[in-house]
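Please read them with the coordinates open beside you.

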Amino acid sequence: ARVYDDKVREFISEMGIENIGKRLVNVRKGEEVTFDPPAMNLEVLLEYGKALENEQENVKRVQLADEYLDGAVLAGNDDTSNTMMSLN
C-alpha cells in the first residue's frame with residue numbers, strides 16, 4: 001500500500017494539486033489514470049521494511065509515554081510527583 005501511496009504522491013506532484021480534479025472527474029474512456037506496477041527489488045523492500053519498523057518503534061514510545069503519564073500524580077496534589085505504582 002505504501003508503494004502505491006508514493007505513486008499517488010508522485011502523480012499529484014507531477015500534475016499539480018490544482019489540476020487533479022480536471023484529470024480525475026468526467027474522464028473519457030481511454031483517458032483514465034493508471035499506474036504501472038512498481039518495481040519491487042530487494043533494496044526497495046528493505047527500505048519500506050525499515051520505515052515500517054521505525055514507525056512501529058515510534059508507536060511504542062508514544063504508548064509508553066501515555067502509560068507513564070496516565071500513572072503519574074501531578075505535583076501539588078499530594079505534594080509528590082511519584083507515580084501511583086511507586087506509592088504502593
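What pLDDT does the chain average, and what share of the residues score at least 70?

1. Confidence. The model is a predicted one, and the chain averages a pLDDT of 83, with 81% of the residues scoring at least 70. Among the elements of the chain, the highest mean pLDDT, 91, belongs to α3, whereas the lowest, 55, belongs to helix α4, which covers residues 84-87. Where pLDDT is low, the predicted coordinates should not be read in detail.

2. Overall make-up. Of the 88 residues in the chain, 8% are buried, where buried stands for a relative accessible area under 20%. The accessible surface comes to about 7800 Å², and carbon and sulfur atoms account for 54% of that surface. When contacts in the chain between residues at least 6 apart in sequence are considered, 41% of them join residues at least 24 apart.

3. The pair α1 and α3. Helix α1 spans residues 2-15 and helix α3 spans residues 42-71; their axes come within 11 Å and cross at roughly 100 degrees. Because angles of 65 to 115 degrees count as roughly perpendicular, α1 and α3 are described as roughly perpendicular to each other. On the α1 side the contact involves Arg-2, Val-3 and Asp-6, and on the α3 side Tyr-48, Leu-52 and Glu-55. Sorted by class, this contact of α1 with α3 has three nonpolar and three charged residues, and no polar ones.

4. Ala-39. This residue is placed in the loop between α2 (20-24) and α3. Although Ala-39 and Val-3 are 36 residues apart along the chain, their C-alpha atoms are separated by 9.5 Å, and Val-3 is also one of the α1 residues that take part in the contact with α3. Is Ala-39 buried or exposed? With a relative accessible area of 66%, Ala-39 is exposed, because that value is over 50%.

5. Asn-26. The loop between α2 and α3 also contains Asn-26, which has a positive phi of about 55 degrees although Asn-26 is not a glycine.

6. Glu-32. What does Glu-32 touch, not counting residues up to four places away in sequence? With those residues left out, Glu-32 touches Arg-23 and Val-27. Glu-32 itself lies in the loop between α2 and α3, and at 43% relative accessibility Glu-32 counts as partly exposed, a class that lies between the limits of 20% and 50%.

Key:
Residues are numbered from 1 along each chain as its sequence is written. This is a predicted model: local features need pLDDT of at least 70, side-chain atom pairs count only at pLDDT 80 or more; totals for chains, interfaces and linings use all residues. Side-chain values use heavy atoms; hydrogens and water are left out. Axes are lines fitted to C-alpha atoms, for helices over the stretch in contact, and angles run from 0 to 180 degrees between N-to-C directions. Helices (H or I, at least four residues) and strands (E, at least two) are DSSP runs, numbered from the N terminus. Angles under 35 degrees count as roughly parallel, over 145 as roughly antiparallel, 65 to 115 as roughly perpendicular and the rest as oblique. Contact means heavy atoms within 4.5 Å. Ala, Val, Leu, Ile, Met, Phe, Trp, Tyr, Cys and Pro count as nonpolar, Asp, Glu, Lys and Arg as charged, and the others, Gly among them, as polar. Buried means under 20% relative accessible area, exposed over 50%, partly exposed in between (1.4 Å probe, protein chains only). Accessible areas come from the Shrake-Rupley method with a 1.4 Å probe; for residues, only the protein chains shown count as cover. pLDDT is the predictor's confidence in each residue, from 0 to 100.
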